[in-house]
Amino acid sequence: MGRVYFLPLFLIVSTLGGCCFYGNCEDDDFIGDQLSASLYEPVFLDRSDFEKSVQLREPMEILNSGKIYVKDNYLFVNEVRKGFHVFDNSNPQSPIKITFIEVPGSTDLAIRENIFYINQATDLIAADFDFGTNSLTLTKRIENTFPELLSPDGFYAYDVPLNSVVVDWKLKK
């Protein structure tokens, strides 16, 4: 027969972290510890500013590229959680920068005809991009379609201010 070992109660409590063993563990304690373990802190945008944040900007350099999309002679490169670079790709050896579509919290894009379907942080938006006039019109927003953005190391934000949205994460100092 095998041996049976008994561990002292203080060893069991310290191994389990103490609080949950006695049944008084608060979810807030666990979440707070998890957030403090993250190397990043959330970047928030007020919901009203977030909903007005989609706009065209001057072309800019690609700093942190994500997915790449092609439609007709156009190339779209995601700037992770910032928006999309738009290029005229008529000559693939020499693409020409056209504009930058600023979409804070953006992570993905699908295009059907000239309608862009973008997940902007927690929302799904539809925007009509007119290639001829280089203009963008937001046509629909479905709030809270997607879960909150996770930090790059896999954590959720804690204590999100009322009427705010997590649009990015930045490295803690």
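1. Ile115 stands opposite Asp128 in E9. Strands E8 and E9 run antiparallel and are joined by six bridges; two strands count as paired if DSSP finds at least two bridges between them. Helices (H or I, at least four residues) and strands (E, at least two) are DSSP runs numbered from the N terminus. The model is predicted: local features need pLDDT of at least 70 and side-chain atom pairs count only at pLDDT 80 or more, whereas totals for chains, interfaces and linings use all residues. Residues are numbered from 1 along each chain as its sequence is written, and side-chain values use heavy atoms, with hydrogens and water left out.

2. The open sheet has four strands in the order E7-E8-E9-E10, with antiparallel pairing. Strand E7 (106–112) and E10 are at the edges and have a single partner strand each, so one side of each is left without a neighbour in the sheet. On average, neighbouring strands of this sheet are turned by 25° against each other, direction ignored; axes are lines fitted to C-alpha atoms, for helices over the stretch in contact, and angles run from 0 to 180 degrees between N-to-C directions.

3. Seven aromatic pairs are counted. Rings of Phe, Tyr and Trp (its six-membered ring) pair if their centres lie within 6.5 Å; planes under 30 degrees apart count as stacked, over 60 as edge-to-face and the rest as tilted. Tyr69 and Phe84 form an edge-to-face pair, because their ring centres are 6.4 Å apart and their planes are at 70°. This pair links distant parts of the chain, as Tyr69 is in strand E3 (residues 65–71) and Phe84 in strand E5 (residues 83–88), 15 residues apart. Tyr69 is buried at 14% relative accessibility, and Phe84 is buried at 1%; buried means under 20% relative accessible area, exposed over 50% and partly exposed in between (1.4 Å probe, protein chains only).

4. Phe116 and Phe131 make a tilted aromatic pair, 6.4 Å centre to centre with 50° between the planes. Phe116 lies in strand E8 (residues 115–120) and Phe131 in the loop between strand E9 (123–130) and strand E10 (135–142), so the pair ties together parts that are 15 residues apart in sequence. Phe116 is buried, with a relative accessible area of 1%, as is Phe131, with 17%.

5. Phe76 is located in strand E4 (residues 74–79) and is buried at 0% relative accessibility. Beyond its neighbours within four places in sequence, Phe76 is in contact (heavy atoms within 4.5 Å) with residues including Tyr69, Val86, Leu109, Phe116 and Phe131. Phe76 and Leu109 are 33 residues apart in sequence and 9.1 Å apart in space, C-alpha to C-alpha.

6. A nonpolar core is a set of buried Ala, Val, Leu, Ile, Met, Phe, Trp, Tyr and Cys residues joined through side-chain atoms within 4.5 Å. The largest has 14 residues, and among those touching the most other members are Phe76, Phe84, Val103 and Phe116. Elements E4, E5, E8 and E9 give two or more residues to this core. Another core, of eight residues, lies apart from it and includes Phe50, Ala157, Val165 and Val166.

7. Asp168, in strand E11 (residues 164–171), is buried at 13% relative accessibility. Its side chain makes a polar contact with the side chain of Lys82 (2.5 Å). A polar contact is a pair of N or O atoms within 3.5 Å; within protein, one must be able to donate a hydrogen and the other to accept it, and residues adjacent in sequence count only if both atoms are side-chain atoms.
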